[in-house]
Amino acid sequence: MVILDGVSKSYRTADGGRRAILRDATMAFPAGLKVGVLGPNGAGKSTLLRLIAGTEPPDTGRIHRHGRVSFPMGFSGTFHPQLSGRENLQFLARIYGLDAAAMVRSVIEFTELTVEMDAPLEHYSSGMMAKFAFGASLAIDFDVYLVDEITEVGDARFRARSVAAFRDRLRHASLILVSHNSQTIRSLCDCCAILSDGALIAFDTVDEALDRYAEMMGVADA
Amino acid sequence: MEQNARQPSQLAAIAAAIEACLPAQAAALLERWRDPPAAKALVACLLLDQRAALPALLTTPALDRAGLAAALNELGLASDDTEPDLIAALLAAAQDPAAEVPRVHFASLILVAGRHRLAEGLLLPAWQGAASSAMVARALSGTWMLLGREAQALEAARIAAEAAPQQPELLEHLAGLLLRAGQPGPALLAAGRAIGASADSHQGWRLVSSGLLELGDTAEAIAAANRAARLSGLHQPHAEQIRTAHAAERPLVNAAERPVAQAPLPEVSFRAPPQPGWARVPDDLELPPPPPLGRAIATRARIIDALMLRETRTMFSNSRLGYAWALFEPLSHVLLLSAVFLFLGHDSRPPIGDSMLTFYMTGVLSFLFFAHLTERAMDLSAANRSLLLVPAVGLFDVLAAKSVLSAMTDLVVAALTFALLIVFGVGQLPADSASMIACYLVLFLLAFGIACVNMVLSSYSSAWDKLWPSFLRLQYFTCGVFYHPLDMPEDIRGLILLNPLVHVTEWMRQAYYGGYESPFLDVSYLLQWTIGSLIAGTALFAATARQMRRPA
């Protein structure tokens, strides 16, 4: 469970003004629920995710997290390019208090990057890197998974296993998925909120949120 | 007459050659065909995609419906009720051979008549691989499916779905093929997208159900099957079947709840039911108590340990000389100082002990320990910032790991340097090891407090990154590395003694040289500085940690 308690966050813009991402937002992301957050590009969806992950502090307000919150899925910025895949995994395993050998095994099994595991990450192709990052996120059993858009990586077989493994993880975890794609939200989420102009509004059902979002986008296009 | 008798077989022969995948022979047959009836020639040209010949044939006066019907009959395509449609489609396709819609329409009618290869032949000219339109790709996918070419069919289905991702039918088709190909995961994804594109895609729910069944997720599979059955009666049998097949696996609370035959089973939702007001923060929310101190400390220790390991592996990775330099740095200071003072013609007798080398060394090592620790803490470079993207890692952890690692490195270097001096016969073991350890401990705490301050200041202004090293250089001259406070005139000495590092140097020398009792060492003054720097450092740190945790 993640709770935003009166959270505000804004950024200074290039022209000296301030842009609000969140204005005094209070919201619960209950345990076990798959929540989608829709928002137009630039509304601050990724920032919201970083706030929830705790990698960025709110300006005011508090964020309570119960359980282990993931870093944004498939995000490779946490890895050190000069260290090998194995060393990076050992680092993560230590951070999260897991068995490093078991974690390396499970990532090798999942990504089939066997030989590459001992090469520095800076030598990985972008496809390999994406696989590695996804495998690493899945190897840790988080209580809350944070996903910034769903990107498909690898060949069909890898995608198939990714989907199956991710679904399996989600069975006992909650999900916070930010996306500007309503289809993604509809296929994965139980409920939905919209982030726009500093307001985070929750809707009872996904359909209501999608209708409202379509309406908003229509207005924005006009 | 004889020729007439052979004529009917000519078109059939061309079709047969096409179906045998011998297009060259089919074309040769058409070429050798003397005076074909216009209708049959039109069909043959269309099947062989000889577009140039079509306009002339279409304007031939001899072309009539009866002739076309005969041609289609010859191929066994037309029955009484499909004939008008087929002829219309044929003419539309022939009139505009480049247009996809009439071509696909005609091909589908031929497909329905069971001549799969002919349909494929008609569709292939419009096929442009990955750039094909959704309609052509979908039609070819279906055709290939019927021809048993599942891999090709799957590829075409994928292209179709990509070309028009809003059409649930294309996604359903793709999901079906993926299921057949034994890929339930991607099939689920495609079916999910179909449902996303159209919420009442019963076929989508049916495919989700099959996919989940394949993945062994019986409860959700039943729920999806029920959903499909509710949307369309078509799927009633499927739902019925998997409900009975897996009835045994359904958890039953007690025998009384055992479902009665025919009674509708309670719906197991594929997702959580809608929860109105799910986002409301409960009023009676009880925050969990913070973890017990012991566990909190163990967690921090584990994280700092992991950070140190990572830092160790990357500390000197930029240059191979890094390690060598770390070992050689104190010696280089000592040798340089010796050379300079020798050159200046100074008295070569040290103020304390027998050797200038050990005298310098006792000052340099503690100074470098302090300088390294306070400098390294400021280096929150990109690689270090990325550490902060792991939510469990805090800024304080990074600072602690860097400090401990820096201290440990300098201690090892110090030990090795002293060992080297002893080997060359100019040094000895410290006379009072316990006192030296205590001195290092106090020095570490002092440096750590100042490192905290530095980290905060350098995150606010990069000027501090340049100011601090020059400040350290000043320290080098005021902390007594290469002289003894007694060598200084009294008023200057008073100023120098305000520097806490002089007391560190004095303490080091007192611990190292057996007989030396420093006249100036004021441990309580040094401790005041240490405690002061720790309080200032942690207070500044706590006040600004929020702002400092910005990604670069």
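Guide: In helix α5 of chain B, which spans residues 65-74, the buried residues are B:Leu68, B:Ala71 and B:Leu72. They lie on the same side of α5(B), because the arc they cover around the axis is only 95°. In general, an α-helix has 3.6 residues a turn, so residues three or four places apart point the same way. Just after α5(B) comes B:Gly76, with a positive phi of about 70°. These descriptions, like those that follow, refer to a predicted model.

The largest nonpolar core holds 132 residues, and A:Leu146, A:Cys192 and A:Ala193 have the most contacts inside it. Helix α21 of chain B, residues 433-460, is its greatest contributor, with 14 residues. There is also a second, separate core of 87 residues, which includes B:Leu48, B:Leu86, B:Leu140 and B:Ile242.

Where the two chains meet, the contact involves 41 residues of chain A and 43 residues of chain B. On the side of chain A that touches chain B, at least two residues come from each of β2 (18-29), α2 (85-95), α5 (156-170), α6 (182-188) and β7 (191-196) of chain A. The element that gives the most to this side is α5(A), with six residues. By type, the residues of chain A on this side comprise 20 nonpolar, 13 polar and eight charged.

Chain A as a whole contains seven helices and eight strands. It has 222 residues, of which 47% count as buried. Considering contacts in chain A between residues at least 6 apart in sequence, 68% link residues at least 24 apart.

Two sheets of chain A may now be described in turn. One is an open sheet of five strands, ordered β5-β6-β3-β7-β8 in chain A, with mixed pairing. Its edge strands are β5 (144-148) and β8 of chain A, each of which pairs on one side only. From one strand to the next, the twist averages 20°. Within this sheet, β7(A) is mostly covered, with five of its six residues buried. It runs parallel to strand β3 of chain A (residues 34-38), to which it is joined by four bridges, and A:Val37 stands opposite A:Ala193 of β7(A). With strand β8 of chain A (residues 199-203), β7(A) pairs in the antiparallel sense over five bridges; here A:Leu195 faces A:Leu200 of β8(A) as its opposite residue. β7(A) and β8(A) form a hairpin with two residues between them, and A:Asp197 in the turn has a positive phi of about 50°. Setting aside residues up to four places away in sequence, A:Cys192 touches A:Val35, A:Gly36, A:Leu38, A:Ile185, A:Phe203, A:Val206 and A:Ala209.

The other sheet is open and antiparallel, with three strands in the order β2-β1-β4 of chain A. Because β2 and β4 (60-65) of chain A each have a single partner strand, they stand at the edges, and one side of each is left without a neighbour in the sheet. Neighbouring strands are turned by 25° against each other on average, direction ignored. Strand β1 of chain A (residues 2-12) and β2(A) run antiparallel and are joined by eight bridges; the bridge partner of A:Arg12 in β2(A) is A:Arg18. Helix α1 of chain A (residues 45-53) packs on this sheet and touches β1, β2 and β4 of chain A, its direction making about 130° with that of β1(A).

A:Pro120 lies in the loop between α3 (100-111) and α4 (126-139) of chain A. It counts as partly exposed because it has 16 C-beta neighbours inside 10 Å, whereas a buried residue requires 20 or more and an exposed one has 12 or fewer. Apart from neighbours within four places in sequence, A:Pro120 is in contact with A:Pro81, A:Gln82, A:Leu83 and A:Ser84. A:Gly85 is 35 residues from A:Pro120 in sequence, yet the two are 6.4 Å apart in space, C-alpha to C-alpha.

How values were computed:
Residues are numbered from 1 along each chain as its sequence is written. Chains are lettered from A and ligands numbered from 1 in the order in which they are written. This is a predicted model: local features need pLDDT of at least 70, side-chain atom pairs count only at pLDDT 80 or more; totals for chains, interfaces and linings use all residues. A nonpolar core is a set of buried Ala, Val, Leu, Ile, Met, Phe, Trp, Tyr and Cys residues joined through C-beta atoms within 7 Å. Two residues are in contact if their C-beta atoms, placed from the backbone, lie within 7 Å. Ala, Val, Leu, Ile, Met, Phe, Trp, Tyr, Cys and Pro count as nonpolar, Asp, Glu, Lys and Arg as charged, and the others, Gly among them, as polar. The arc is that of the directions from the helix axis to the C-beta atoms. Two strands pair if DSSP finds at least two bridges between them. Axes are lines fitted to C-alpha atoms, for helices over the stretch in contact, and angles run from 0 to 180 degrees between N-to-C directions.
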